[in-house]
Amino acid sequence: MKDSFSNSAVNIRKIQRPQNADGKQSRIADYFASNVFDLRAMVKRLSSQDLDVMAKVMKHGGKIDAHLAERIAAAAREWAMEMGATHYCHWFQPQTGTTAEKHDAFLWFDKQGNPIERFTGPELLQSEPDASSFPSGGIRSTFEARGYTGWDPSSPMFIMETENGKTLYIPSVFISYHGDALDFKTPLLRSNKALSEEAVKTLHFLGEKKVNYVSTSVGPEQEFFIVDKELARKRIDLKFSGRTVFGRRPPKGQELEDHYFGQIPSRVQAFFNELEVELYKLGVPIKTRHNEVAPGQFEIAPIFESSNISADHNQLAMKYIKSIALKHGFIALMHEKPFAGVNGSGKHVNWSMQDSTGRNLLDPGATPHENLVFLTMLCSVLLGIHDNADVLRASIASAGNDHRLGANEAPPAIISAFLGNTLDKILNSLESGSGDIINAEKVMIDLGISHLQGVAKDNTDRNRTSPFAFTGNKFEFRAVGSSASISYPTAILNAAVCDGLSKINKRLDARAQNGKVSDNIILSVLKEVIIETKKIRFEGNGYSQEWLEEAKQRGLSNFPMTPDSLAALADEKKVQFLIKANIFTSEDIASRLAIQQERYIKQSLIEVNCALEMAQTQVMPVCLNYLEKLMDNVKLSKELSIPSPAIKFAEEFGKEFNHFFSSLNSLKLQYDKISNEECYEHHNLNSTAIFIGQHILPKLVELRNTVDQLEGLVPHNLWPYPKYSEMLFGID
């Protein structure tokens, strides 16, 4: 039986890289975004006037009138058909965490009944998929099935290729018949608009009158595990939940730290090569690839893009990671904690702001004024995080992330911000009004403010234990889970910063003289914000027990479990900033709370069901058979009067097996209390989620411990499913 688990030799899949007219391998720049209907593709098919309108809409937002939509639809169809596409679809992001699509052919018939290809402006602007089976959180009744997708022109259309055809994909929002947002994209677009308006007001107060918009830029680092497909398919838990509910730690894990940045295995290298080719054709700017800390764990990371396009591209990256992994004989696992005892997977969302001049507003400048802008934006972020920490925590809450947050590779569930030694001293200096000299090892950038000496770029180490770490010219939101859509937490982060900017704008406006504010007024407002937000700034080890105790003394929230963290969404005061910025209505928030609660319940119970099935149909029969063999051995040794350790071992095994059986029954007893449809009723979601977290999941942990103990006692060739040692170290 052991041989069936062994990782037999697999031929490395050869890929055909794009070639130029001379038959030589093309450069990446030659085929990058070749499957994207961007401005370069539009040049041959639209007038210069139409191109100017599209360029503005794609960059700053806006509406497309019916006549322009007709011309764009004709151009897109012509381009797509030249590329070999036969169908089109509106591609959207329902609140499932993945994407959805419904394909329609370009096929139509003219008045004479002759077949033609057609794609009209109305078909481009809007489509109608059935919305009845997508999560709505009670915002509409089940029988209300109508839903609409609407083209998002800020994210370009693209061609999705498969071995059997090509389809034109149209990035879209998804709304109900009554106009309620049923997706993740709509709130993200709203948050970008709200933040831009407040940031422009702030910059105008600072004398930056030429700035007319501000956008958010995002670069999500995507971590994932790769497991041999033949091994993964022998595990029920990986198949249905994406996580191993049982599994004994191997003799070696990540202790030697030899996997991190190590040589990429040949099979994985081939996978990466094909992945990058396909993503480059779709305009996804993957920059980095490497081995992560845990064995079998890897990461890709892109160049920064506008947050909306980056969110779309991250969905494409996750889709292609999974599909291309299969071609190479792998299963890609996006779960936040697929293996106990080794690092889990996150999605570090690197976030910054840019104004209409192209300037990064979180980048310390070279002049006194530039640094005043930088400090104002920095304080706005701190104020937004401070005042809305609980909702930010709720935005990354999930059953999978609960296994990861607070573990040794992820930030704790306490929302705090790390600025680094130099910036921390500068803010302390502003707070105290002192003129202390800040000694920095690197060259300082003179702030030009008498009581400050300077700011240095990258003058501090990175803090991987902080949920929000400032890393030179951006914040790294490290607590986002690897399987999550970045649209939702990015929208909440945008909204939080928008709230911080709004509160600073009110203070500046109240003290303005003839519509102007002096540097001294600005500094006085920043000093107030620095004092108010000081409790969320933490420069130490976020993994330490000391920080947990100190955070409690500071009055910071700590919600390690999803049901507790989601309570913030039911607090009218805490979610008011979302409503005020017109990102959500109160009904939207209530529906999203219900969806997160229901998803937590379903994900948790899927894991419980996997555990029960594996325990009863795999672990128990094997252990019973092995115990029978032990008893036969004991009986035979007694009959022959031969001293044997089998007696003691049989007693030990029997004791562990009884413990297993008791834990199994205990889990079933708790599970039976909610295993009916009533637990999914809207008014029961909160209590059901809390019950699962407090009573069922601890019993699952107990069962896991007993199963893992038995795994260490049963002969390897008898164990019914692949072990950690095979899966984590099974890639050549």
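The model is predicted, so local features need pLDDT of at least 70, side-chain atom pairs count only at pLDDT 80 or more, and totals for chains, interfaces and linings use all residues. Residues are numbered from 1 along each chain as its sequence is written, and side-chain values use heavy atoms, with hydrogens and water left out.

**Stop 1: helix α5**

Select residues 66-82, which form helix α5. Helices (H or I, at least four residues) and strands (E, at least two) are DSSP runs, numbered from the N terminus. Helix α5 has 17 residues and reaches 24 Å from its first C-alpha to its last, close to the expected 24 Å; the expected span is 1.5 Å times one less than the number of residues. At its start, select Asp 65 and His 67: a side-chain oxygen of Asp 65 comes to within 3.1 Å of the backbone nitrogen of His 67. Next, colour Leu 68, Ala 69, Ile 72, Ala 73, Ala 75, Ala 76, Trp 79 and Ala 80, which are buried in α5. Buried means under 20% relative accessible area, exposed over 50%, and partly exposed in between (1.4 Å probe, protein chains only). Just after the helix, Gly 84 takes a positive phi of about 105°.

**Stop 2: salt bridges**

The structure holds 35 salt bridges, each being a side-chain nitrogen of Lys or Arg within 4 Å of a carboxyl oxygen of Asp or Glu.

Select Arg 13 and Glu 274, whose side chains form a salt bridge at 2.7 Å, N to O. This pair links distant parts of the chain, 261 residues apart: Arg 13 is in the loop between α1 (2-5) and α2 (28-31), and Glu 274 is in helix α10 (residues 266-281). Arg 13 is partly exposed at 33% relative accessibility, whereas Glu 274 is buried at 8%.

Move to Asp 355 and Arg 359, which meet in a salt bridge at 2.8 Å, N to O. Asp 355 is buried, at 2% relative accessibility, and Arg 359 is partly exposed, at 21%.

Then select Arg 393 and Asp 402, where the N to O distance of the salt bridge is 3.8 Å. Arg 393 is buried with a relative accessible area of 1%, and Asp 402 is buried with 13%. Elsewhere, salt bridges that share partners join Arg 13, Glu 163, Glu 274 and Lys 327 into one network.

**Stop 3: the largest cavity**

On a 1 Å grid over the protein atoms alone, a cavity is a set of points where a 1.4 Å probe fits but cannot get out, and a pocket is an open set with protein on both sides within 12 Å along at least five of seven lines; lining residues have an atom within 4 Å of a point. Grid points are joined across faces, edges and corners, and a volume is the space filled by probe spheres set on the points.

The largest cavity has a volume of about 70 Å³. Select its lining residues, including Pro 220, Val 284, Ile 300, Glu 305 and His 313. Helix α11 gives the most to this lining, with four residues.

**Stop 4: the second largest pocket**

This pocket has a volume of about 1,200 Å³. Of its 46 lining residues, select Thr 96, Gly 97, Ser 483, Arg 599 and Gln 603, which lie nearest its centre. Finally, display α21 (586-639), the source of the largest share of the lining, nine residues.

Technical notes:
Polar contact = N/O pair within 3.5 Å; in protein donor to acceptor, adjacent residues only side chain to side chain.
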